[in-house]
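Biologist: Could you take a close look at the aromatic rings for me, and at what surrounds them? Please spell out the cut-offs as you go.

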Amino acid sequence: MFGRRAPFLFAALLLVFTACSQNPSTQETGNHQKNETNSAARQSAQNPDNEKHAFLAPKSKLDRMKDVKIYVDHRRWKLKDQYKHAKVNMTVEYVSEVSKKEKLTVHFVKNTTPEFYVSIQEEGIKLFDGEAKLNVFDKKKNEQMYEFILKNDSAEEDQHELVRVIKVEDGIFAIHYTMKKAPMAKKHRQKWIDLLLKAEVK
């Protein structure tokens, strides 16, 4: 989620997850890596929906993120930031160099499940005073996909978010694509669902 309330929601989420982690008392940030662009950097970017091809996003150097494969569209995307929380939870953020209204965020959270992660997000929508809706539209044994739509909030811009939450042996990966526009066009929404489904985690 973009905006001023999002850090509070994620901070609360991390407090819960960190309590379940192996090293809850140790805080670590840093490991920042910036200005790397994806393999589509030389492609034109006139229309965000005019290419069906998927491209690998730049790789993170964080230990738990090294083997993750994240796919983006043909436009220019860069790895803006990456950091650890309490040595075990990690976040990597990609931004579009073409549109300031889009970003892609990957969270690794140790010792939790897709069900619990989604339940925390469902509680989080109570922070908004606008029209906030969270809908789980695909649920499988080891993963869930949901979308979050916010409109007419007093503090936040309209936004539409697509999220894939995947269970792995030691926790979950949550891959968020967010656009500061709500709702997304149907074609654009389906394109990003397909890209999120291509992601590979271990």
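**Aromatic rings and their surroundings**

Modeller: Okay, the structure has four aromatic pairs (rings of Phe, Tyr and Trp, using the six-membered ring of Trp, with centres within 6.5 Å; planes under 30 degrees apart are stacked, over 60 edge-to-face, the rest tilted). Keep in mind that this is a predicted model, where local features need pLDDT of at least 70 and side-chain atom pairs need 80 or more, while totals for chains, interfaces and linings use all residues. Numbering starts from 1 along each chain as its sequence is written, and side-chain values use heavy atoms, leaving out hydrogens and water.

Take F108 and F173: their ring centres are 5.1 Å apart and their planes meet at 50 degrees, so this pair is tilted. F108 sits in strand β6 and F173 in strand β10, so the pair ties together parts 65 residues apart in sequence (strands are DSSP E runs of at least two residues, helices H or I runs of at least four, numbered from the N terminus). F108 and F173 are both buried, meaning under 20% relative accessible area, with over 50% being exposed and anything in between partly exposed (1.4 Å probe, protein chains only).

F128 and F148 make another tilted pair, at 5.5 Å centre to centre and 40 degrees between planes. This one links the loop between α2 and β7 (131-139), where F128 is, to strand β8 with F148, 20 residues apart. F128 and F148 are buried too. Then there's a cluster of W77, Y177 and W192.

Y177 and W192 turn up again among the residues with the most contacts inside the largest nonpolar core, a set of 30 residues that also includes M65, I70, Y94, L104 and I175. At least two residues of this core come from each of β3 (71-72), β4, β5, β6 (102-110), β9 (159-168), β10 (171-179) and α3 (186-198). A core here means buried Ala, Val, Leu, Ile, Met, Phe, Trp, Tyr and Cys joined through side-chain atoms within 4.5 Å. I70 touches F55, L56, A57, L104, V106, I175 and A199, leaving aside residues up to four places away in sequence; contact is heavy atoms within 4.5 Å.

Two charges also sit over rings (NZ of Lys or CZ of Arg within 6 Å of the ring centre and within 35 degrees of the ring normal). R189 puts its charged end over F137, 5.1 Å from the ring centre, and K198 lies over the face of Y71 at 4.9 Å.
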